[in-house]
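Here are some notes to read alongside the structure. Take the points in order, and find each place in the model as you go.

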Amino acid sequence: MRILIVEDSPTLADALYASLAREGYACDHAGDGVSAAAYTAQYDYDILVLDWMLPRREGIDILRELRERGAQTRVLMLSARDQVVDRVMALDAGADDYLVKPFALDELLARLRALARRPREGGETRLALGELELELRSRRASWRGQDLHFTPKEYALMALLLRERGHLLTRAQIFDRLYDSQSEASDKVVEVILSTLRGKLAKAGAPDVIETRRGFGYVIP
């Protein structure tokens, strides 16, 4: 899951980034509205943490632009504006949740976890291939009812390939979905994640459903 943090306070942005990275999310950070618009135009984010009052361009404008182009990204709006009319304006513009500043970091993280469990409009809550199952809300993976103890990156990779079943994904495309733009890792880390994921499938007695097409990428046919 990939999250964009749009917040002009470096202290808050750094705290959010560190907390979400520990939970296995890939995060990017934009410190102003123009940068946020550029990020959302380039990447398909699962969640936006979006401050209302931003330099150069307001967060509410970014939100409206997202919804006008049909983006289903879940949005948690942050603002010091605490009037009912402000909450109504943000929710009517397409925000999924609204949190007034100042707030406890633990509450914000809990709200993000709730948004992460919520499927996109028309989205699925479960992915399956034969007896291999991924429960998206609980982030549980299993084979014939037996838990597969995937790491967050292994789980994200398997979910991505199942969602894109039949479509070949290059190593670079997978890397972009699993890691943020500031990551110091190279896209070769995808091969490492894939190797450990396959090892866990084999240990559970599950078939290797992922095809490697050398020079091209990976696919679940």
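Predicted model: local features only at pLDDT ≥ 70, side-chain atom pairs only at ≥ 80, totals over all residues.

1. In it, α1 passes α5 in a right-handed crossing. Helix α1 covers residues 10–22, and helix α5 covers residues 105–117. Their packing angle is about 50°, and their axes lie 11 Å apart. Angles under 35 degrees count as roughly parallel, and 65 to 115 as roughly perpendicular.

2. Which residues of α1 and α5 meet? From α1 come Ala15, Leu16, Ser19 and Leu20. From α5 come Leu105, Leu108, Leu109 and Leu112. By class, the contact of α1 with α5 has seven nonpolar residues, one polar and no charged.

3. Now look at a second pair. For α3 (residues 59–68) and α4 (residues 84–93), the angle is about 30° and the axes are 9 Å apart. Helices α3 and α4 are therefore roughly parallel to each other.

4. Check the side of α3 that faces this contact. Ile60, Leu63, Arg64 and Arg67 in α3 meet Met89, Ala90 and Ala93 in α4. This contact has five nonpolar residues, two charged and no polar.

5. Step back to the whole chain. It is divided into domain 1, residues 2–117, and domain 2, residues 126–219. The C-alpha centres of the two domains are 27 Å apart. How many residues of each domain are in contact with the other? Domain 1 contributes 13 residues, and domain 2 contributes 11.

6. Compare this with the record. An unreviewed UniProt entry lists residues 2–116 as "domain: Response regulatory". That span is 48% helix and 22% strand. The C-alpha atoms at its ends lie 10 Å apart.

7. Two backbone details deserve a look. Most peptide bonds are trans, and most residues other than glycine have a negative phi. The bond from Lys101 to Pro102 is cis, with omega near -5°. Pro102 sits in the loop between β5 (97–100) and α5.

8. The other detail is at Arg139. Find Arg139 in the loop between β7 (132–135) and β8 (140–143).

Note on methods. Residues numbered from 1 in each chain as written. Heavy atoms only, no water. Axes fitted to C-alpha atoms, helices over the stretch in contact; angles between N-to-C directions. Helix = DSSP H or I, 4+ residues; strand = E, 2+ residues; numbered from the N terminus. Left-handed = near helix turned anticlockwise from the far one by under 90°. Contact = heavy atoms within 4.5 Å. Nonpolar A, V, L, I, M, F, W, Y, C, P; charged D, E, K, R; others polar. UniProt positions renumbered as here; feature names shortened; annotations may be inferred. Domains from an automatic or database assignment. Parallel < 35°, antiparallel > 145°, perpendicular 65-115°, else oblique.
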